[in-house]
Amino acid sequence: MIIYKDINTGDEVLSDVYKIKDVGNGLWEVDCAMVTVGGEDFKLEGANASAEGEDAEELDDGGKIQIINMVRDFKLQEFGKQSKKDYMAHAKDYMKAVVKKLKENGASEEEVKSFQTGAQAGVKKIIGNIDNYDVYAGESMDPTGMLILIDYREDGITPYATIWKHGLTEMKV
């Protein structure tokens, strides 16, 4: 299995168990799913309910919530909606940091140029749909990290994430 980490922060943000599609301009789309979590009621056999405090109040709705599997699996943190201006400011700093990391990691000049050219078109695509995205950051919430953008397919219920492929490093486990 391959775990993908944010090149700037080291936060784990993706793995190869997800369906990843290269959509060009340095962007990947990652198919996600909604999952239900919570509401588990674990009881040990032979345990004394009154000693464990289990005879107190029960959860009224079972404590279940719906969450995007990628958000849950990688402990992504909600970053809040972004305006075009806010995203552009972040993208400018983020792209500079990615270029620096690519060079530090021995990327060829051709690869760096390819990233820079594709990133310009990728940012334009994102800005055109910025109001549709729910924005997440890695677990550390480091401001130098990648913003993971989540939107929904045409059916309105199937989530997918948009990620900068050059902003990731691979770790085989």
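How many bridges pair β4 with β10, and in which sense? β4 and β10 are joined by 5 bridges and pair in the antiparallel sense.

## Basis of the model

This is a predicted model, in which local features need pLDDT of at least 70, side-chain atom pairs count only at pLDDT 80 or more, and totals for chains, interfaces and linings use all residues. Residues are numbered from 1 along each chain as its sequence is written, and side-chain values use heavy atoms, with hydrogens and water left out.

Strands are DSSP runs (E, at least two residues), numbered from the N terminus, and two strands pair if DSSP finds at least two bridges between them. Within the pairing of β4 and β10, V30 has A161 in β10 as its bridge partner. Strand β9 (residues 148-152) is joined to β10 by 4 bridges, and these strands run antiparallel. Y152 has P159 in β10 as its bridge partner. The hairpin of β9 and β10 has 6 residues between the strands, and G156 there takes a positive phi near 80°.

In strand β10 (residues 159-164), 6 of the 6 residues are buried (under 20% relative accessible area; exposed is over 50% and partly exposed lies in between, with a 1.4 Å probe and protein chains only). P159, A161 and I163 lie on one side of β10, and Y160, T162 and W164 on the other; both faces are covered.

## Residue E29

E29 lies in strand β4 (residues 27-31) and is buried, with a relative accessible area of 10%. Its side chain makes a polar contact with the side chain of R153 at 2.9 Å (a pair of N or O atoms within 3.5 Å; within protein, one must be able to donate a hydrogen and the other to accept it, and residues adjacent in sequence count only if both atoms are side-chain atoms). Leaving aside neighbours within four places in sequence, E29 is in contact (heavy atoms within 4.5 Å) with residues including K19, K125, Y160, A161 and T162.

## The sheet of β2, β1 and β11

Three strands form an open sheet in the order β2-β1-β11, with antiparallel pairing. β2 and β11 stand at the edges with a single partner strand each, so one side of each is left without a neighbour in the sheet.

Strand β1 (residues 2-6) has 4 of its 5 residues buried, so it is largely enclosed by the rest of the structure. β1 is joined to strand β11 (residues 168-172) by 5 bridges, and D6 stands opposite L168 in β11. The hairpin of β1 and β2 has 5 residues between the strands, and G10 takes a positive phi near 85°.
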